[in-house]
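Please read it alongside the sequence and the model.

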Amino acid sequence: MKSEQNNKSAETLTALQELIEVVAKLRDPDGGCPWDLLQTPQSLTQYVIEEAYEVVDAIKSEDKNHIAEELGDLLLQVVLQAQIFQEYGDFSLKEVAQGISQKLIRRHPHVFGDVSVQNADEVNQNWEQIKATEKGEIPNNNQLTHKLSGYTRKLPPLTATMKISRKAAAAGFEWEDIDGVWEKFHEELQEFEQALASETPERQEAELGDLLFTIVQIARWKNLDPSEALQGTNQRFIRRLKIMESVADRPLSDYSLPELETLWQKAKAILNS
């Protein structure tokens, strides 16, 4: 069994080395890819985000081949970023791999050390305490803003808003009932409409943010996931649009608005049938 595991590990390392060499060739000024040579860590950040979302979508599909393909695309972004930073003389993939290995060992003393834990909650508590110590922060910092500020830096906005909302509610910053949330929603909707009518784009954007924040509060009260809800709407919109294109006898841009509405309702009926 150990020999088989060693063989698999060797095969994996060989495959990773091949990927590293392929990426290095793409970035080679002598014969490399013009597009890859133009890329910077900053220009590639959008692809890191896109590939991460595509991995999540593939996992939801439960298609193993698709999952493996999307994980490969995400791995490419890691290797490509490391390659560019290596060219800058900053660090290489070696330091990236060593860094995460050392971090995992430090933060799992119950596995690699002599610490005992009883359950996953204790594991999480130890992780957060070790993490705070590593970053020079105060362990078990109970300030609410300290806990919330990290969400805005690290998470997509809708996900961050839901986490901020839950933490704030747990700390007592909460309405007495759902009616209070609806009152706040109508208040924010009115302020957004007023901003659109007479205020600057900056104020309009601020009021839009306030309105979206309140909608997330409603979702939290009703145990709904706003990210999943919006993703579902996006997918339904595309499915309906695809049906419209399939039944149309000319480009959709050639249809009038009433004609497009007729096609839209037909698409909805087909999907609901």
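## Helix α4 and its ends

At the start of α4, the backbone nitrogen of Asn-65 lies within 3.1 Å of a side-chain oxygen of Asp-63. Just after α4, Gly-89 adopts a positive phi of about 85°.

Between these points, α4 covers residues 64-88, and its 25 residues reach 36 Å from the first C-alpha to the last, close to the 36 Å expected at 1.5 Å a residue, where the expected span is 1.5 Å times one less than the number of residues. Buried positions in α4 include Ile-67, Glu-70, Gln-77 and the run Val-79, Leu-80, Gln-81, Ala-82, Gln-83 and Ile-84, buried meaning under 20% relative accessible area with a 1.4 Å probe, protein chains only.

## Basis of the model

This is a predicted model, in which local features need pLDDT of at least 70 and side-chain atom pairs count only at pLDDT 80 or more, while totals for chains, interfaces and linings use all residues. Residues are numbered from 1 along each chain as its sequence is written, and side-chain values use heavy atoms, with hydrogens and water left out.

## The chain as a whole

The chain has 13 helices and zero strands, helices being DSSP runs of H or I with at least four residues and strands runs of E with at least two, numbered from the N terminus.

The radius of gyration of the chain is 25 Å, whereas a compact globule of 273 residues would have one near 19 Å; the radius is taken over C-alpha atoms, and the globule rule is 2.2 Å times the number of residues to the power 0.38. Along the principal axes, the C-alpha atoms fill a box of roughly 65 × 55 × 45 Å, and buried residues make up 22% of the 273 residues.

Technical notes. Buried means under 20% relative accessible area, exposed over 50%, partly exposed in between (1.4 Å probe, protein chains only). A polar contact is a pair of N or O atoms within 3.5 Å; within protein, one must be able to donate a hydrogen and the other to accept it, and residues adjacent in sequence count only if both atoms are side-chain atoms.
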